[in-house]
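Open the model in your viewer and keep the selection panel handy.

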Amino acid sequence: MLDPETIRKLPEEPGVYLMKDGEGTILYVGKAKRLRRRVASYLRQPQTPRTAMLVSKIASLDFIVTDNEVEALILESNLVKQHKPHFNILLKDDKHYPYIKITTTDSFPRLEVVRRIEKDGGTYFGPYPSASAMRRVIDIIDRHFQLRKRNTAMDAHPKRPCLNYQIGRCLAPCAHKIDEARYNTIVGDVIQFLRGHSTQLQEEIQARMQEAAERLDFETAAQLRNELQAVDEIFEKQKMIDPKLRDQDVLAAHQDGGDLEVILLTIRRGHLVGQRRLSLGKMDAGLEDEALEAFIKQHYVHPAQVPTELLLDRRLEEVKSLESFLAHLAGRRVKIRRAVRGQGRRLVEMAAKNCQLSLLARRI
C-alpha cells in the first residue's frame with residue numbers, strides 16, 4: 001500500500017513513477033509534472049475500482065526525475081512499451097502490423113515487408129492494418145515499377161537474369177539491364193507513390209515520358225507509361241476526403257456497457273488510406289481520454305508514422321505535452337486539435353460512428 005511517508009519523500013519535480021508489487025513486478029508506469037502531488041492523488045477519494053485494486057497491490061515505488069514534462073512523457077512511453085505493466089492501458093492487439101520498407105541505403109534498393117521498424121536508414125511506410133491492401137500495393141509496384149527482388153551482391157560482373165525479369169516483375173540491375181541513375185529515379189517514384197503524392201508524381205512521370213518519346217527512347221517511355229498507370233490505378237481506388245491534400249490521423253474513442261474501443265483513420269494527401277481498430281475490452285467508465293493518450297504514446301514509434309495533424313473527437317488535458325512528444329519523434333511541428341467544425345468535424349464524426357458500430361457488431 002502507498003503510505004504518506006513514502007509520498008512525502010518524493011520530489012516536486014517532473015518525472016516518471018513506477019509502482020511495483022511485493023515481487024518487484026512493475027504494476028503501473030506514470031508520468032507527472034510534479035511527482036509528489038501526482039502520486040498523492042492516488043490516495044484521494046473517490047477511486048475507481050481499477051485504481052483501488054492498483055493501490056491495494058503496491059508494495060514499493062520507484063521514480064526517475066526528468067528535466068521537464070515532455071522528457072517524462074517520452075520516458076513513460078518507452079517504459080510502458082518495454083515492461084507492459086498490467087494496470088497501464090496497453091495496445092493489446094500489438095501483433096506487429098506489417099510495414100513496407102525500401103532499403104534506401106543499398107545502391108539498388110529493394111522493397112521488403114517487415115514487422116518492426118529499425119534504425120537502419122531504410123524508408124518505411126505503414127503500418128498496414130489490412131494485409132490484403134498492402135499486398136495490392138506491392139503487386140502494383142511489382143508489375144509497374146519492377147524493383148529488384150533478390151538480396152544479391154551488386155558488383156561489376158553481371159549475373160544471369162532471374163525468372164522475375166522474364167515475367168516483367170524486375171528490372172534486373174544485377175544483370176546490368178538498367179543503370180543505377182535510372183533505377184534510383186524509379187525508386188524515387190516508388191517513394192512518392194507510397195507517400196501519396198499522386199498529383200506531383202503524375203505530372204513528373206508525364207513530363208519524363210514525353211521527353212523520352214521525343215528522343216525516340218520508346219523503351220523508357222513505355223516503362224514510364226506503366227508507372228503512370230500504376231499511380232492512376234491505386235489512387236482511383238482511394239477515397240478523397242480532404243481537397244486540401246493534408247496528412248492527418250483521426251482518432252476517436254467510444255465506450256458502451258464497459259467495452260472501450262479506439263479507432264484511427266489514416267489520411268495521406270487527402271486520401272483515406274487505412275484504419276486501425278483497438279478493442280480494450282471491459283474497462284472502468286470514463287477512460288476514453290486515457291485510452292486516447294495511451295494510444296498516441298504507444299502507436300507512434302517512427303517519424304514516418306507521424307502526420308502533420310492529429311484530429312480528435314475531444315479535448316485532451318495533455319495535448320501540449322503530446323504535441324511535443326510527437327514533434328520530438330517526427331523532427332517537425334505536429335498539431336493536435338479537437339475538430340469542432342467543417343471537414344475536420346465530419347471526419348471525427350465518421351471515426352466515432354465506426355467505433356460505435358464496431359462495438360455494436362460484436363454484441364450481435
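Start by selecting helix H4 (residues 69-83) together with helix H11 (residues 319-330): the two pack at an angle of about 70 degrees, and their axes lie 9 Å apart. That angle makes H4 roughly perpendicular to H11 (65 to 115 degrees; under 35 counts as roughly parallel, over 145 as roughly antiparallel, and the rest as oblique). Axes here are lines fitted to C-alpha atoms, for helices over the stretch in contact, with angles from 0 to 180 degrees between N-to-C directions. Helices (H or I, at least four residues) and strands (E, at least two) are DSSP runs numbered from the N terminus.

A word on the model itself: it is predicted, with local features needing pLDDT of at least 70 and side-chain atom pairs counting only at pLDDT 80 or more, while totals for chains, interfaces and linings use all residues. Residues are numbered from 1 along each chain as its sequence is written, and side-chain values use heavy atoms, with hydrogens and water left out.

Now show side chains where the two helices touch. From H4, pick Glu-69, Val-70, Leu-73, Ile-74 and Ser-77; they meet Ser-321, Leu-322, Ser-324, Phe-325 and His-328 of H11 (contact means heavy atoms within 4.5 Å). Coloured by class, this H4 contact with H11 shows five nonpolar, four polar and one charged residues (Ala, Val, Leu, Ile, Met, Phe, Trp, Tyr, Cys and Pro count as nonpolar, Asp, Glu, Lys and Arg as charged, and the others, Gly among them, as polar).

Which of its residues are buried? Select Val-319, Ser-321, Leu-322, Glu-323, Phe-325, Leu-326 and Ala-330, and you have them (buried is under 20% relative accessible area, exposed over 50%, partly exposed in between, with a 1.4 Å probe and protein chains only). These buried residues pack against H4, helix H10 (288-299), strand E11 (309-312) and strand E12 (335-338). Just past the helix, click on Gly-331, which takes a positive phi of about 75 degrees.

Bring in H10 beside H11. Their axes come within 10 Å and cross at roughly 15 degrees, so H10 and H11 are roughly parallel to each other. Glu-293, Ile-296 and Lys-297 on the H10 side meet Leu-322, Phe-325 and Leu-326 on the H11 side. This contact of H10 with H11 divides into four nonpolar, no polar and two charged residues.

Zoom in on Leu-326, which sits in helix H11. Leu-326 counts as buried because its relative accessibility is 1%. Setting aside neighbours within four places in sequence, Leu-326 touches Ile-296, Tyr-300, Val-306, Leu-310, Val-334 and Ile-336.

Is Thr-266 buried or exposed? At 17% relative accessibility, Thr-266 counts as buried. Beyond its neighbours within four places in sequence, Thr-266 contacts Gln-248, Asp-249, His-271, Leu-272, Val-273 and Gly-274. Gln-248 is 18 residues from Thr-266 in sequence and 6.4 Å from it in space, C-alpha to C-alpha.

Finally, zoom out to the whole protein chain, with its 12 helices and 12 strands. Buried residues make up 50% of its 364 residues.
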